[in-house]
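Please examine the sequence and the structure shown below.

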Amino acid sequence: MAGEAMRRGTLPVQRLRAGDHAFCRYTERPRWDLVAAYAWSGLARGEKVIICPAPQADRDTVRERLEEHGPSLDHVCARGQLVFASMGMLLHPDDRFTPTRQWRRLQEEIAGALAKRYAGLRTYIDMRWVADLGADVEEVMAREKNTAHLFAARSYSEICAYDTSAFEPAVLDAMHAAHPHDLLDGPGALRALHAAGAVRLIGEADMATQIDWISALREAFKRSAHDGHLVVDLSRLHFLSVGCASDLLSLATDAHRHGRIEVRLDRDKARLLVGLGSRYLNHVVLTEDS
């Protein structure tokens, strides 16, 4: 769980940063809480945000969905920091899709955002535009697999959202594999990924997910009982409550015979665990994620 692997895999939407290219899928309707979290995070960072909903979506309704998770968008829309668009509008005046044309137009949008002194550009793109514009799916797949140059300068991030009813399973699998990241279903979720001698916890550990949090940790301690070393990777945890942090230390206390327990986390979460007494557990080592 180190090196390049840390730059790939599942993330909560709140952890997306400039330079990230993420895949998500939905059934029937988009996760507007996910879209809102992505948009509001970008606006707070001083980035320009472009939302390209499904072609049939009503723009006013999309805006209302975002405003359910924050204040009025009048100001940011009026100054052009938040834009509701479509792929046809982005490709204008030639709305015929080719990977090269889309790359060029996005590079123009990135340059324009930076010229206006925004910190960068982020886009949310509902991929139902593919059928709407009659684009060749193979060309779109090629685009998704060969976009690293758009993100290299770390001034652009993108979510590609796929309606599972609009694409064949094989296409969805290929598109998923083409993205460095995939997203949790939405804010507030928690996912545990177990591996030999390690568990990675992704999302939010709070009252709503506390039962799953404890269950995942217990499973990890059980699996590592004879290994002598366990890595608890919290580097992709967006939020850690005091209660869940206390649960971790309690379980680690009970697991003192397991050997060394390494907890990988950011500075704020490290301070929380230290404040709760982790320094008194000699077998628990906190490793801050850079």
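## Cysteines

The structure holds 0 disulfides, a disulfide being a pair of cysteine sulfur atoms within 2.5 Å. Cys-160 takes part in no disulfide, and the nearest cysteine sulfur, which belongs to Cys-24, is 8.5 Å away. A disulfide is a covalent bond between the sulfur atoms of two cysteines.

Cys-160 counts as buried because its relative accessibility is 1%. Cys-244 is likewise buried, with a relative accessible area of 0%. Buried means under 20% relative accessible area, exposed over 50% and partly exposed in between, with a 1.4 Å probe and protein chains only.

## Basis of the model

This is a predicted model, in which local features need pLDDT of at least 70 and side-chain atom pairs count only at pLDDT 80 or more, while totals for chains, interfaces and linings use all residues. Residues are numbered from 1 along each chain as its sequence is written, and side-chain values use heavy atoms, with hydrogens and water left out.

An open sheet of 7 strands has the order 1-7-2-6-5-3-4, with parallel pairing. Its edge strands are strand 1 (9–11) and strand 4 (82–84), each of which pairs on one side only. Neighbouring strands of this sheet are turned by 20° against each other on average, direction ignored. Strands (E, at least two residues) and helices (H or I, at least four) are DSSP runs numbered from the N terminus; two strands pair if DSSP finds at least two bridges between them.

Strand 2 (residues 21–26) and strand 6 (residues 156–163) are paired in the parallel sense over 6 bridges, and Cys-24 stands opposite Ala-161 in strand 6. Helix 7 (residues 137–145) lies across strand 2 and strand 6, at about 145° to strand 6. Angles run from 0 to 180 degrees between N-to-C directions, with axes fitted to C-alpha atoms, for helices over the stretch in contact.

Strand 12 (residues 260–265) and strand 13 (residues 284–288) run parallel and are joined by 5 bridges. Ile-261 has Val-284 in strand 13 as its bridge partner.

## Nonpolar cores

The largest nonpolar core has 31 residues, and those with the most contacts inside it are Met-127, Trp-129, Val-140 and Tyr-162. Apart from it lies another core, of 29 residues, including Leu-217 and Leu-265. A nonpolar core is a set of buried Ala, Val, Leu, Ile, Met, Phe, Trp, Tyr and Cys residues joined through side-chain atoms within 4.5 Å.

Methods. Contact means heavy atoms within 4.5 Å.
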